Amino acid sequence: MNETSTTREAVVPLSGAALTPGDALVSLRSVSKTFANSVTALAGLNLDVREGEFLSLLGPSGCGKSTILRLISRLTNPTSGQIEWRSGRPEIGFVFQEPTLMPWATVFSNVFLPLRFRGVSRAKAKKKVQDALDSVGLGKFANAYPRELSGGMKMRVSIARALVLRPPLLLMDEPFAALDEITRLKLNDELVQLKCALGATIVFVTHSVYESVYLSTRIVVMAPRPGRVVAEIPIEAPLPRAEEFRLGAFYAQKCRETSAALHGAMGDKAIS
Amino acid sequence: MAIRDRLVEFVLPASALILALLAWEFIVWYAAIPTYVLPAPSLILKTLYVDWDTLFASLLVTLHITFEALFVAIMGGVALAMLFAQSRIIERAFFPFAVVMQVTPIISIAPLLLVYLSTSTAVLVCAFLVAFFPILSNTALGLASADHNLIDLFDLYRASRWQQLLWLRVPSALPYFLGGLRIGGGLALIGAIVAEIAAGSAGQGAGLAYRIVESGFRLNIPRMFAALLLISVAGILIFLLFTALSHVLLRRWHDSARGREA
């Protein structure tokens, strides 16, 4: 069922008073979402996404993490509750779990798509697309077809596409889940560097405790049936972080803390 | 080795074909089978050469009608498929008509059409009817089969329904459409032949199938075989044409057209 709203509001770019880091960019207030098949994905959820943060949504399957992303991006509407934007709805980038590229189009055409929707001509967009591809290390692959790329490269194209409009907010739904460990670690670092370079806010859905602790400034742990927040864990360490961060005591402690919260969410006995 | 593989791919079937033809020739000669029962391949080829003017003219008539019908079937099938994709109401309302048209055997409709229409128009309509449904059905399937994640992506950027149709659904549908086209191409020829035979039995027509019926009445069996040979060649050419088209359009990106890496 197509759930998008039928009204077509213009996307309002970030305007008015600039938000300082830490202000809520968007707030979900008492949001509930029940699907047509009576599955309750979320019940009375309260969540703020703060300007400039790297927020991870961590939890087992079925706890509504993906639904939150879809609500924020208005791919679906809440059954009840409000979604409030502090300063108008900004441009939003979305990276899905699959690269979701158009197989009949070149890498260039795929990354060009958002600009095309905004009415920019191909010639004028050339520089922006090339910049986006350069920023993910695929500058030489503009004329390749998705079929010719590896999984990691396709995901990079997907990220370049999400970033080509320089969105203040980037939503990512387990983007690295289908990749091998080596590529995953590499893309973790590249993602954080991109975030810092663009000053974007990121909401990142993941299953992985280690990934969430390494990448985020804040982790929200969720539980299923119905979907709700059960813990919030700040990670006060500056971004970007080097590989050595994974070896430190702080990292280990935060992983333990997060892991315990996750087990609590899944109803297991906490591993202390 | 690639060269060896290609040799095997072509030489083996060609050799089998030549052997079969030689065997046929031999059996006809050895058993002294009359030409009005089973002509030898050499006689068929000779007849083809002698009667070339008549047969070639008929071939052109049949091909002309086939491609004309196919053209209309493509225009109609694609347009209707797009309409179905945009409006579920129209789809639900008109799809049953299309199904009925498909399942009713064309051979039973042909005589009726020959009553209402001139011969060549009736043949055209028959060819159109059989080619139309596969193209409509396959294209509609293709338009409906766009990747749901891509649909979400388009929704994210607030694409209009037309943008979604033209930039997402149509390219997604291309492999399906080409599949329908390959089927429809062959069927258009069959539809034309069926109608011509029905017309030919009534003494009307000018295409290759009419020549077959006419040759039957006159017991000119070698000419019948020659006409049959030309029809087969026409069918093969149509198939090869659309296979090549499919390959050219899809080879860079679609699984069906790409070779597997060793």
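Predicted model: local features only at pLDDT ≥ 70, side-chain atom pairs only at ≥ 80, totals over all residues.

Trainee: Okay, how many helices and strands does chain A have?

Mentor: The secondary structure of chain A comes to 7 helices and 9 strands, and its C-alpha trace spans about 55 × 45 × 40 Å along the principal axes.

Trainee: And how does its radius of gyration sit against that of a compact globule?

Mentor: A compact globule with 272 residues would have a radius of gyration near 19 Å, and chain A has 19 Å, so the two agree. Of those 272 residues, 39% count as buried. If you take the contacts in chain A with a separation of 6 or more, 75% of them are between residues 24 or more positions apart.

Trainee: Which domains is chain A divided into?

Mentor: Domain 1 is made of 23-38, 51-90 and 172-272, while domain 2 covers 101-167. Their centres, taken over C-alpha atoms, are separated by 26 Å, and the contact takes 10 residues from domain 1 and 8 residues from domain 2. On the domain 1 side of that contact, the residues divide into 8 nonpolar, 1 polar and 1 charged.

Trainee: Let me zoom in on α2 of chain A: which of its residues are buried?

Mentor: In this helix, residues 107-117, the buried ones are Val107(A), Asn110(A), Val111(A), Phe112(A), Leu113(A), Pro114(A) and Leu115(A).

Trainee: What do they pack against?

Mentor: The buried residues of α2(A) pack against α3 (122-135) and α4 (151-163) of chain A. Just after α2(A), Gly119(A) takes a positive phi of about 85°.

Trainee: Switching topic, how many residues does each chain give to the contact between A and B?

Mentor: Chain A gives 15 residues and chain B gives 13 residues, and the side of chain A that touches chain B divides into 9 nonpolar, 3 polar and 3 charged residues.

Trainee: Within chain B, how are α3 and α9 placed?

Mentor: The axes of α3(B), residues 52-86, and α9(B), residues 208-217, come within 7 Å and cross at roughly 130°, and the two helices are therefore oblique to each other.

Trainee: Which residues make that contact?

Mentor: From α3(B) there are Leu55(B), Ser58(B), Leu59(B) and Thr62(B), and from α9(B) there are Leu208(B), Ala209(B), Tyr210(B) and Arg211(B). By class, that contact of α3(B) with α9(B) has 5 nonpolar, 2 polar and 1 charged residues.

Conventions. Residues numbered from 1 in each chain as written. Chains lettered and ligands numbered in written order. Contact = placed C-beta atoms within 7 Å. Nonpolar A, V, L, I, M, F, W, Y, C, P; charged D, E, K, R; others polar. Axes fitted to C-alpha atoms, helices over the stretch in contact; angles between N-to-C directions. Helix = DSSP H or I, 4+ residues; strand = E, 2+ residues; numbered from the N terminus. Parallel < 35°, antiparallel > 145°, perpendicular 65-115°, else oblique. Domains from an automatic or database assignment. Buried ≥ 20, exposed ≤ 12 C-beta atoms within 10 Å, placed from the backbone. Rg over C-alpha atoms; globule rule 2.2 N^0.38 Å.
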